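I opened the model today to see how the chain is put together. My notes follow in the order I looked things up.

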Amino acid sequence: PAGEYELQIELLDHGQAKAVFSLGTVRVAGRQRLFQAPAISSPVGARLGDRVTLIGYDLPEKRVRAGEALSLVLYWRAEQKMATSYTVFTHLIGENGKVWAQQDNVPVSGSYPTRGWLPGEIIVDPYELSLRDDAPAGRYSLDVGLYDGATGRRLSVVDATGERQPDDRVLLSETVEVMARAP
């Protein structure tokens, strides 16, 4: 929680405290929390387990060249408190099913583990997917989801209509046009 805390150092001798020294105080600002969804260009409404809803995403550019980065912003809503720190996966998938760009990390560039989310909280989670240099021109799809980093097990996915999704992933509705790398 936000507040002021005393920072201390303790000297031990064979596990026994010998001396405690105060190093001063530290002010913890806390995290700004969002409970009302901002404007989202592409609503989704997919439930991941009973823990999280992917309420939508923004895909500012729908065209990218091989070797460049694609921006994607995911909007999550926590449905309950979580004891597990889940990892987000994002994949840019070519027509042949091959992954040509991928980013897996704890949400918000590793800075906001899911076990810190509060029920009803909206999390704005940006990504920059670096597309491989040798990606062929064509139409690509994006999929996202959450998994337990310790076990690799994905949270189950149910779309907005209540239908269970294959491979426990959310397939985003928009496609991306990949153009050949510039000479």
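Which residue in β2 does E4 stand opposite? I checked, and E4 faces R27 there. I note that this is a predicted model.

Next I looked at the two strands themselves. β1 covers residues 3-13 and β2 covers residues 16-28. They pair in the antiparallel sense, over 11 bridges. In general, side chains in a regular strand alternate between the two faces of the sheet.

Then I went to the turn. The hairpin of β1 and β2 has 2 residues between the strands. I found a positive phi near 55° at H14 in this hairpin.

I counted elements along the whole chain. I got 13 strands and 0 helices.

Overall dimensions came next. The C-alpha trace spans about 65 × 45 × 30 Å along its principal axes.

I then looked at packing. Buried residues are 36% of the 183 residues. Of the contacts with a separation of 6 or more, 64% join residues 24 or more positions apart.

Last, I turned to surface and charge. The chain exposes about 10300 Å², and carbon and sulfur atoms supply 50% of that area. I list 20 positive and 24 negative side chains. The centres of these two sets lie 1 Å apart.

Technical notes. Residues are numbered from 1 along each chain as its sequence is written. This is a predicted model: local features need pLDDT of at least 70, side-chain atom pairs count only at pLDDT 80 or more; totals for chains, interfaces and linings use all residues. Side-chain values use heavy atoms; hydrogens and water are left out. Two strands pair if DSSP finds at least two bridges between them. Helices (H or I, at least four residues) and strands (E, at least two) are DSSP runs, numbered from the N terminus. Buried means under 20% relative accessible area, exposed over 50%, partly exposed in between (1.4 Å probe, protein chains only). Contact means heavy atoms within 4.5 Å. Accessible areas come from the Shrake-Rupley method with a 1.4 Å probe; for residues, only the protein chains shown count as cover. Lys and Arg count as positive and Asp and Glu as negative; His and the chain ends are not counted. The place of a charge is taken as NZ of Lys, CZ of Arg, CG of Asp or CD of Glu.
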